Amino acid sequence: MSRQVPVEIREDLKKARRLEWWTLAAMTTVIVLMGLVAGSSQAMKTAWIEDLLSLVPAIVFLIAARFEDRKPTSRFPFGFHRTNSLAFLIAAVALSAVGVLLLFEAAMTLVKQEHATVGPITLFGQEIWSGWLMIAALAYSIVPPVILGHIKLPIAERLQDKVLHTDAMMQKADWMTGAAGIAGVLGLGLGYWWADALAALLISFSILQDGIKALRSATAELVDGAPRELDKDEVAADAHKLKRALHERYPGAEVRLRETGRFLHAQVEGVEPEAEVDLKSLWPGESDRAWRLVQLSFVPPEKGKPGR
């Protein structure tokens, strides 16, 4: 059994790596610009922190992808597929942390009734409302995440990569932050002190919801739970289909599935091992995801008990 990245997904994996490098470059420009014009606006500070933490999924994806294709060693005899699982957990924690942090900051601002002000500044000899600069920066911060997130989602689906999918969700959080931040700054300009913090509060709820879903799925993966869907904490359709196919091939056997990164491992208990099994032939339905099944192990029946 090969424990390296299958040839069927190598091209998509290369595309994903390039996208993550583009993400780091584009979001760095957003972070610098947002930091320069943030001022005292809670929504701007919220957006800046969120943009900063949004780099985490891209970074851990690139690190995991670098290790994933390495051959097994004496110290890591099962290979490095689980580095993707670890990266997914880190990305999920980062997304959840963003939601919790922003929720706390916005709630405290509303409770304390802190009145942020957005005053005028002098630019090229002209006095203008600094809110216009904030709005311009927020508008720019929406563009890269919308484009990058839209490109990443289908690649994440083909790769069955939860880290890349979580990163796409973080990009969604980025542009939502930008849109809500614009509303908050405009609210401040109109004299509604609470609009700024309320916008940040609404942003945080959506981010936290995505983060909790990702965190539950990542935890299940690391404790050998049944394979989960990309975008929810439910057993994956691929896992249901594969389990049914294995039950049909080995009637009465106990079938267990687990996930390491993007790959599936199956165990069949109560039958005698077969000499050779073509893993791809076991995959149910379309074969474009047959690469996901990388291991089939057998647990023979106990001595004195008939095989199933």
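Okay, let's start with Glu 269 and Arg 256, whose side chains meet in a salt bridge at 2.6 Å, N to O. By salt bridge I mean a side-chain nitrogen of Lys or Arg within 4 Å of a carboxyl oxygen of Asp or Glu. This pair links distant parts of the chain, with Glu 269 in strand β4 (residues 263-269) and Arg 256 in strand β3 (residues 254-260), 13 residues apart. Helices (H or I, at least four residues) and strands (E, at least two) are DSSP runs, numbered from the N terminus.

Quick caveat: this is a predicted model, so local features need pLDDT of at least 70, side-chain atom pairs count only at pLDDT 80 or more, and totals for chains, interfaces and linings use all residues. Residues are numbered from 1 along each chain as its sequence is written, and side-chain values use heavy atoms, with hydrogens and water left out.

Back to our pair: Glu 269 has 24% relative accessibility, so it counts as partly exposed, and Arg 256, at 39%, counts as partly exposed too. The cut-offs are buried under 20% relative accessible area, exposed over 50%, partly exposed in between (1.4 Å probe, protein chains only).

Now, Asp 167 and Lys 152. Their closest N and O atoms are 2.5 Å apart, a salt bridge. Asp 167 lies in helix α6 (residues 162-189) and Lys 152 in helix α5 (residues 130-159), so the pair ties together parts that are 15 residues apart in sequence. Both Asp 167 and Lys 152 are buried.

Next up, Asp 238 bridges to Arg 292 at 3.0 Å between the closest N and O atoms. Both of these residues, Asp 238 and Arg 292, are buried.

And the whole structure? The search finds 18 salt bridges.
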